[in-house]
Amino acid sequence: MQRYPSLLLFLVLVLGGGLLIGYATLPGAWYASLAKPPFNPPNWVFAPAWTLLYVLIAVAGWRTWQREPAGVAMKIWGAQLVLNFLWSPTFFGAKMMAPALVVILLLLAAIALFIASAWNRDRLAALLFVPYAAWVAFATVLNASLLLLN
């Protein structure tokens with residue numbers, strides 16, 4: 001039972017940080033005015049998708065921290081979270097699609113590195129990042145498409 005307060009801290013950090021950044025950088029009129037590719041999801045999809053993904057990210061981070069708090073996988077987990085939290089302010093806040101594409105490519109690489117580094121030590125933590133990798137791969141294509149169309 002003593003492990004669960006640390007899980008709560010991971011959930012607060014990841015969900016809380018994601019929600020704060022999301023509200024601080026709402027897409028707004030600028031995003032609405034962009035030409036979008038036909039595969040652009042409706043706006044309502046993003047909040048539930050990211051909420052679920054942030055829970056998975058938090059649980060994977062917590063599991064990794066439980067096993068090896070100063071290990072390579074935990075450092076990669078921290079790096080991906082920084083990149084994740086950097087993307088919205090870059091894309092929506094600064095309206096800089098090209099630098100945001102660089103950030104999201106680095107994020108995708110960090111996610112893949114986390115999966116690879118966690119795979120042999122904690123398969124579940126690695127698997128929790130698979131939907132995240134798929135979503136960020138899709139978001140990378142979307143970011144690149146928006147850059148090309150605008």
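Predicted model: local features only at pLDDT ≥ 70, side-chain atom pairs only at ≥ 80, totals over all residues.
Residues are numbered from 1 along each chain as its sequence is written, and side-chain values use heavy atoms, with hydrogens and water left out.

I begin with the helix pair. Helices here are DSSP runs (H or I, at least four residues), numbered from the N terminus. The axes of helix H5, residues 97–118, and helix H7, residues 130–149, come within 9 Å and cross at roughly 160 degrees. Those axes are lines fitted to C-alpha atoms over the stretch in contact, with angles running from 0 to 180 degrees between N-to-C directions. H5 and H7 are therefore roughly antiparallel, a term for angles over 145 degrees.

Which residues of H5 meet H7? Among them are Met97, Leu101, Ile104, Leu108 and Ile115 in H5, and the residues they and others meet in H7 include Val130, Tyr132, Val136, Thr140, Asn143 and Leu147. Contact means heavy atoms within 4.5 Å.

I turn now to the aromatic residues. A search of the whole structure finds 17 aromatic pairs. Rings of Phe, Tyr and Trp (its six-membered ring) pair if their centres lie within 6.5 Å; planes under 30 degrees apart count as stacked, over 60 as edge-to-face and the rest as tilted. Tyr31 and Phe91 form an edge-to-face pair, 6.3 Å centre to centre with 65 degrees between the planes. This pair links distant parts of the chain, 60 residues apart: Tyr31 lies in helix H2 (residues 28–33) and Phe91 in helix H4 (residues 72–93). Tyr31 is buried at 5% relative accessibility, and Phe91 is buried at 1%; buried means under 20% relative accessible area (1.4 Å probe, protein chains only).

The rings of Phe114 and Phe129 have centres 4.3 Å apart and planes at 35 degrees, so this pair is tilted. Both Phe114 and Phe129 are buried. They also belong to one aromatic cluster with Trp50, Tyr54, Phe85 and Tyr132.

Finally, Thr90 is found in helix H4. Is Thr90 buried or exposed? At 13% relative accessibility, Thr90 counts as buried. Not counting residues up to four places away in sequence, Thr90 touches Lys95, Met96, Pro99, Ala100 and Val103.

Notes
Helix = DSSP H or I, 4+ residues; strand = E, 2+ residues; numbered from the N terminus. Parallel < 35°, antiparallel > 145°, perpendicular 65-115°, else oblique. Buried < 20%, exposed > 50% of the residue type's maximum accessible area, 1.4 Å probe, protein only.
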